Amino acid sequence: MSSTQQPPVLCLRQVAKHFGPVTALKSVDLQVERGRVHTLLGENGAGKSTLMKILAGVHSSSAGEMWLRGEPYAPATPQEAARSGLAIVFQELSLCNNLSVAENILATREPSRLGWISDAKLVATAKALVDDLGLPINVHAKVGDLSMAQRQLVEIAKGLSHDADVVILDEPTSSLSDSEAEILFRIIGRLTERGKAVIYISHRMEEIMRLSDDITVVRDGEYITTLKKDETTTSELISLMVGRPMENMFPPRLAEPAESSATPLFSVQGLTRPSEFSDISFDVGAGEILGFFGLIGSGRSEVMNALFGMCHAEGKIRLDGETVQLADASDAIKKGLGFVTENRKEQGLVLNQTVRANITMASLSQISAGGILQNARERRQASEEVSRLGVRTHSIETVVGTLSGGNQQKVVLAKWLATRPRVLILDEPTRGVDVGAKFEIYRLIRQLAAEGTAIIMVSSELPEILGMADRVAVMAEGRLAAILPVAESTPERVMAHATGQHA
Ligand SMILES: Nc1ncnc2c1ncn2[C@@H]1O[C@H](COP(=O)(O)OP(=O)(O)OP(=O)(O)O)[C@@H](O)[C@H]1O
Ligand SMILES: [Mg+2]
């Protein structure tokens with residue numbers, strides 16, 4: 001960390017942005033200094049990513065001024081921004097699944113500067129970068145075969161493949177586990193030591209308090225204030241961000257789960273898929289929340305995919321004591337299952353369709369009569385879910401791809417809530433969601449449980465599991481290491497099982 005006397009490397013004054021009728025930014029000021037981590041904090045839809053895209057030359061601003069190293073700055077294209085010394089790791093992954101890691105990392109290099117390069121040179125350059133950053137990734141692998149966490153690390157390597165004065169990281173840890181996040185934090189430390197300015201965006205308060213030097217709060221597209229980390233607290237930041245104080249992170253349980261009857265609502269026995277997971281057995285009762293914790297790569301998401309009929313696995317699945325065969329996802333939906341996936345961009349949403357179409361697409365049978373869609377009912381249902389979840393959207397006819405990341409996540413949830421599932425699987429349900437909206441989502445999960453839904457909640461955030469679940473299933477290396485009542489679960493105990501260190 002250097003002194004704060006030098007002039008800011010990047011300076012923004014009254015920057016505004018309108019998208020047609022939508023005002024994404026009203027007026028934002030920002031001063032970023034070399035050698036420091038400057039966090040941008042704000043609720044979903046506050047305008048953080050939009051501001052970063054203006055800096056990165058993806059959007060042009062509607063008003064305001066910017067200076068980089070004291071010179072007026074207004075990049076017309078991402079290439080121009082990169083040439084000026086600005087690097088960005090985007091919030092939504094921008095990788096090509098059918099290309100290799102090496103090809104993806106170097107894809108944004110300008111051909112004129114790179115010229116023609118051989119495959120061997122490409123691989124060597126990418127490998128040197130990945131090694132330098134200390135990322136545990138094989139540069140030959142196809143991106144489509146990587147986990148979400150690995151893809152995010154590739155996205156980071158891609159963003160850092162240019163030498164830059166200002167590095168922007170937009171929610172880089174949203175699908176990283178703690179150990180992978182540590183790798184990123186080390187990289188950030190090295191960048192600031194080399195005098196780079198880092199602009200950091202995250203909804204995870206612990207890491208914000210740990211990494212930041214300066215924190216700027218934005219609310220509804222407006223600049224609120226800039227504080228030094230050492231001179232503020234988490235609760236002060238949260239109340240600045242949401243505009244009101246927030247006491248509890250987790251809403252209370254609405255009712256004790258019903259006494260476990262003879263036949264649990266949902267029961268899984270001996271679920272096995274060779275080389276991914278084996279012998280997974282557990283029950284979830286009506287009204288119960290079963291947390292699923294495991295390090296990335298432990299097989300959690302693979303198990304959830306199999307439970308939803310998205311891939312084949314040996315073993316028995318019972319609903320109300322009856323054995324069910326789930327041929328595919330639509331079969332699973334028919335039988336009363338819902339699945340909020342961790343990968344909203346590929347599996348959860350149709351990005352170029354409206355909020356309305358996305359919310360109702362899994363529950364069309366409920367809003368059709370004689371096989372014909374009832375438009376008024378469809379609109380009513382979509383509007384209800386939008387207000388229930390507080391999705392920040394101009395209207396239900398807005399294209400989902402233009403919503404902020406956290407609001408897209410709320411649409412995925414709305415879609416599954418609309419199906420009124422009996423068993424709901426939630427894989428990282430609050431990924432990228434701000435603290436205020438998280439509370440709303442937790443409240444909804446509690447409400448669904450109170451209505452008798454059996455809930456399986458996968459999360460890599462241990463506080464979330466311990467705050468919400470009744471029991472915790474811990475996975476390690478494709479197996480269930482333990483199922484613990486939450487009352488007997490400490491973070492240490494759960495981690496010991498997850499890392500295989502439990503005696
Ligand atoms: N291309 C676009 N067209 C229309 N509206 C847009 C577009 N991009 C962003 N918006 C709108 O601008 C507002 C700010 O979105 P932005 O993505 O900047 O929020 P954010 O602060 O990054 O939120 P999150 O924490 O959820 O990522 C939102 O209301 C969003 O719907
Ligand atoms: Mg964003």
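**View 1. Gln269 faces Lys316 of S14.** Strand S11 (residues 266-273) and strand S14 (residues 314-319) run antiparallel and are joined by five bridges. Val268 stands opposite Ile317 in S14. Strands here are DSSP runs of E with at least two residues, helices are runs of H or I with at least four residues, and both are numbered from the N terminus. Two strands pair if DSSP finds at least two bridges between them. The model is predicted: local features need pLDDT of at least 70, side-chain atom pairs count only at pLDDT 80 or more, and totals for chains, interfaces and linings use all residues. Residues are numbered from 1 along each chain as its sequence is written, while chains are lettered from A and ligands numbered from 1 in the order in which they are written.

**View 2. S14 and S15 form a hairpin.** Strand S15 covers residues 322-323 and pairs with S14 in the antiparallel sense over two bridges. Arg318 stands opposite Thr323 in S15. Two residues lie between the strands. In the turn, Asp320 has a positive phi of about 50 degrees.

**View 3. Four strands make an open sheet in the order S12-S11-S14-S15.** The pairing is antiparallel. Strand S12 (277-284) and S15 stand at the edges, each with a single partner strand, so one side of each has no neighbour in the sheet.

**View 4. Six strands make an open sheet in the order S16-S19-S20-S13-S21-S22.** The pairing is mixed. Strand S16 (337-340) and strand S22 (479-485) are the edge strands, each with a single partner strand, so one side of each is left without a neighbour in the sheet. From one strand to the next, the twist averages 15 degrees. S16 and strand S19 (residues 423-427) run parallel, joined by four bridges. Leu337 stands opposite Val423 in S19.

**View 5. S21 and S22 form a hairpin with two residues between the strands.** Strand S21 (residues 471-476) and S22 run antiparallel, and six bridges join them. Arg479 in S22 is the bridge partner of Ala476. Glu477 in this hairpin takes a positive phi near 45 degrees.

**View 6. S9 and S10 form a hairpin with two residues between them.** Strand S9 (residues 214-219) and strand S10 (residues 222-228) pair in the antiparallel sense over six bridges. Val217 stands opposite Thr225 in S10. Asp220 in the turn has a positive phi of about 50 degrees.

**View 7. Helix H14 passes H15 in a right-handed crossing.** The axes of H14 (residues 375-389) and H15 come within 10 Å and cross at roughly 125 degrees. The two helices are therefore oblique to each other. Axes are lines fitted to C-alpha atoms, for helices over the stretch in contact, and angles run from 0 to 180 degrees between N-to-C directions. Angles under 35 degrees count as roughly parallel, over 145 as roughly antiparallel, 65 to 115 as roughly perpendicular and the rest as oblique. A crossing is right-handed if the near helix is turned clockwise from the far one by less than a right angle, and left-handed if anticlockwise.

**View 8. Ligand 1 has 20 residues around it.** Ala24, Asn44, Ser49, Ser404 and Gly406 come nearest. A residue counts as near if its C-beta atom, placed from the backbone, lies within 6 Å. Strand S2 (22-32), helix H1 (48-55) and helix H15 (405-417) are the elements that give two or more residues to this shell. The shell residues divide into five nonpolar, 12 polar and three charged. Ala, Val, Leu, Ile, Met, Phe, Trp, Tyr, Cys and Pro count as nonpolar, Asp, Glu, Lys and Arg as charged, and the others, Gly among them, as polar. Domain 1 (10-242) and domain 2 (266-498) each give at least three residues to the shell. These domain bounds come from an automatic or database domain assignment.
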